[in-house]
Amino acid sequence: MRHRRLPRVDLPSQTYTLTCCLDRRRRLLADAELAEVLIALWAEVRDRGDLALHGYVVMSGHYHVLLTLTGTPSISNIVRRVHGAFGRRARARWFRGRRVWQRRFYDHVVRDDGGWRTKLNYLDGNPVRAGLVESAADYPWSRAAFWETDTGPVTCDGVAW
């Protein structure tokens, strides 16, 4: 028997972590230019007032974002806009006619300060656990570079609590 997926629940003003994977875990985001395009797209959504961007890490085949909804669009709508814009740019320059993202993304509601800090530590530790850097602040496509050195590609918003 096949189980139906539960519908996504969107809670206004709620903090979420998202995990989004490229189709077949392609390593498109290993390209620095594409990683920067993705980060810039999340910054654009934040600058429109739809969310507060607390943290991110872009790995070669997936990324994580920690955000709080501040506007009216749903989390699904926001992800669809970011992924659509990214897909158009990636297909126009790097490859044609293929699916860019997996069909579903994963979200987790962050309920308290302890959960928020745990998720940020997880994001920061991703490139370290993958053996890409020794220190999270050395990885250029994460919020750790911004918070620890003030040199990351996108300004992050402060704590949700």
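## Arg46 and its surroundings

A polar contact of 2.8 Å joins the side chains of Arg46 and Asp47, where a polar contact is a pair of N or O atoms within 3.5 Å and, within protein, one atom must be able to donate a hydrogen and the other to accept it, residues adjacent in sequence counting only if both atoms are side-chain atoms. The model is a predicted one, in which local features need pLDDT of at least 70 and side-chain atom pairs count only at pLDDT 80 or more, while totals for chains, interfaces and linings use all residues. Residues are numbered from 1 along each chain as its sequence is written, and side-chain values use heavy atoms, with hydrogens and water left out.

Arg46 belongs to helix H1, which covers residues 32-47; helices (H or I, at least four residues) and strands (E, at least two) are DSSP runs numbered from the N terminus. With a relative accessible area of 15%, Arg46 is buried, given that buried means under 20% relative accessible area, exposed over 50%, and partly exposed in between (1.4 Å probe, protein chains only). Apart from neighbours within four places in sequence, Arg46 is in contact with Leu51, Ala52, Leu53, Val154, Thr155, Cys156 and Asp157, contact being defined as heavy atoms within 4.5 Å.

## Helix H1

The end C-alpha atoms of H1 are 22 Å apart, which agrees with the 22 Å that its 16 residues should span at 1.5 Å a residue; the expected span is 1.5 Å times one less than the number of residues. At the N-terminal end, Asp31 caps H1 through a side-chain oxygen that lies 2.8 Å from the backbone nitrogen of Glu33, and just after the helix Gly49 takes a positive phi of about 95 degrees.

The buried residues of H1 include Leu34, Val37, Leu41, Trp42 and Arg46. The buried residues of this helix pack against strand S1 (15-21), strand S2 (51-58), strand S3 (62-69) and helix H2 (75-93).

## The sheet

Four strands form an open sheet in the order S2-S3-S1-S4, with antiparallel pairing, two strands being paired if DSSP finds at least two bridges between them. S2 and strand S4 (106-110) stand at the edges with a single partner strand each, so one side of each is left without a neighbour in the sheet.

S2 and S3 pair in the antiparallel sense over 7 bridges. Leu53 stands opposite Leu67 in S3, and Leu53 is also among the residues in contact with Arg46.

## Salt bridges

Side chains of opposite charge can pair when their charged atoms come close. The structure holds 7 salt bridges, each a side-chain nitrogen of Lys or Arg within 4 Å of a carboxyl oxygen of Asp or Glu. One of them links Arg143 and Asp124 at 2.3 Å, N to O; Arg143 lies in helix H4 (residues 143-149) and Asp124 in helix H3 (residues 113-129), so the pair ties together parts that are 19 residues apart in sequence. Arg143 is buried at 11% relative accessible area, and Asp124 is buried at 8%.

Salt bridges that share partners join Asp23, Arg24 and Arg26 into one network, in which the side chains of Asp23 and Arg26 meet at 3.5 Å, N to O, and both of these residues are buried. Another salt bridge, of 3.9 Å from N to O, brings together the side chains of Arg48 and Asp50; Arg48 is partly exposed, with a relative accessible area of 48%, whereas Asp50 counts as buried at 10% relative accessibility.
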